[in-house]
Amino acid sequence: MGSTRYERITNKPSDAELNTMWEILVAITVVCSVATFIILSGIAASPTARRSTFNIFIWFLVLPDFIFSAFCLITCAINRWAPEHGVENSEIMCEWQSMYCTFGLCANPWMNAVTAHELYRLLYANKWAKTYVPPSKCELVRTIGLVFAWSIFVSAWVLFPYWPHQTHIISGMACFPAEYSSASTPFFWGLYIPSILLIPMMYIAGVCVAIWWQGLVKQASRARALAIFFARITLVFALFWVPSIVLLFGGAGESPWVGWAGGAWGHLQGLASAMLCMTKPDIRAAVLKLPNRIASCCCKRAKPHSTRRGSLRDTVRAGGLKARGAAAADSGSSNASMTMSQAPSENGKKEVLAAATASMRQNCPSEISASYTESRRLSVAESFREQMKSFGQLPLGTFSSFRRNSHASQGSQHSGATGSTRRVPHDATPPPT
């Protein structure tokens, strides 16, 4: 056992105790990783949830928790079941764990600070009846990019030579930047801890005081629930990580289990934040719809009835136009294609409608019955009329006149002996001579 405070931080328990610590941490990180991943997937898969600027902030608040938990899961599993590649035998693994732990611990409070600033703008505009203008996509990318870039920069301090900042194995369990000499203590508590935790938490506290002093929450209407939600998110982070840092760096010298308890308590923050996100109605709705979205993407099942109608209409239009072209070719007329001045013949109309019905019956899904096909025939005719009008090949009202006067037209064709003529639609122009 070490005699100085710096040596006691690195005290290592027995191998059996270490294995027990890592096994429990693996179970904790599995639960936290799954919970945070579900929240991330639910928001990302829901267009409705992604429209909210504050849901974007929530997504990037949960992302560091997922990265921290997922990588800790992998590292603890390697330490337990493949110790030859663990942090005790691999300097690269030790530095990597130190970097992603610092990244997760730094990005979360800074994202909370950014969210608190934006929430203050919303509450202020709500109080003074001003229009709240959310940040644009470019502003969001710039702000979030700066937060993550700063977190990566701070996590890389352990790689800088000649800096009094090094990675050590805390209690033989996990690698983390720690004080190791009288020269490193001022750097650790005066620069490192403020950079990752104290400065953003002090800013959040200042914003909360300003909101309370100006009475912004009392006069807020719809924004009140949002303010309370983000206040709980920040409070959860503080309640988990402040005691965790105290136990991890202050109590690890007394007992390795105290340091382990600090690390395990910090991991549970991701689970608590994920559960708190489920209290937000739009995020809860997005998560509950996630299984259906996954099933619709992965399973090759038929489309819903509401979407079959569009594909059915396209199929019928294509089949009808194809049949119409074939009928025009068989007629042998040099002027087979219709123009604005020519209405289709009765035989041509019948061929188009018959071809449309046959194409519809052939290409429709098998679950559509014959009775449904017959009931849709009138809508198919309407679809052809609109399609042909768009190409400028069918005069307005031709098919409607055909439906209204079908029996009269058929009778007029057989009454040539009596001198009657076929009725021509009122909007049709005479053919060119």
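Predicted model: local features only at pLDDT ≥ 70, side-chain atom pairs only at ≥ 80, totals over all residues.
**View 1. The disulfide between cysteine 94 and cysteine 175.** Searching the whole structure turns up 1 disulfide. Its partners are cysteine 94 and cysteine 175, with 2.0 Å from S to S. The two cysteines come from distant parts of the chain, 81 residues apart: cysteine 94 belongs to helix 5, while cysteine 175 lies in strand 2 (residues 174-178). Look along the S-S bond and you get -110°, a left-handed link. Both ends are tucked away: cysteine 94 is buried at 9% relative accessible area, and cysteine 175 is buried at 0%.

**View 2. Helix 5, from residue 91 to residue 127**. With 37 residues at 1.5 Å each, this helix should span 54 Å, and the 55 Å between its end C-alpha atoms agrees with that. Helix 5 is mostly covered, with 26 of its 37 residues buried. After the helix comes alanine 129, which has a positive phi, near 55°.

**View 3. Helix 2 packing on helix 10.** Here helix 2 (residues 15-45) meets helix 10 (residues 281-288) at about 95°, and their axes are 8 Å apart. That angle makes the two helices roughly perpendicular. On the helix 2 side you'll find Ile38, Ile39, Gly42 and Ile43; helix 10 brings Ile283, Ala286 and Val287. Of these contact residues, 6 are nonpolar, 1 is polar and none is charged.

Notes:
Residues numbered from 1 in each chain as written. Heavy atoms only, no water. Helix = DSSP H or I, 4+ residues; strand = E, 2+ residues; numbered from the N terminus. Expected span 1.5 Å × (residues − 1). Buried < 20%, exposed > 50% of the residue type's maximum accessible area, 1.4 Å probe, protein only. Axes fitted to C-alpha atoms, helices over the stretch in contact; angles between N-to-C directions. Parallel < 35°, antiparallel > 145°, perpendicular 65-115°, else oblique. Contact = heavy atoms within 4.5 Å. Nonpolar A, V, L, I, M, F, W, Y, C, P; charged D, E, K, R; others polar. Disulfide = S-S within 2.5 Å.
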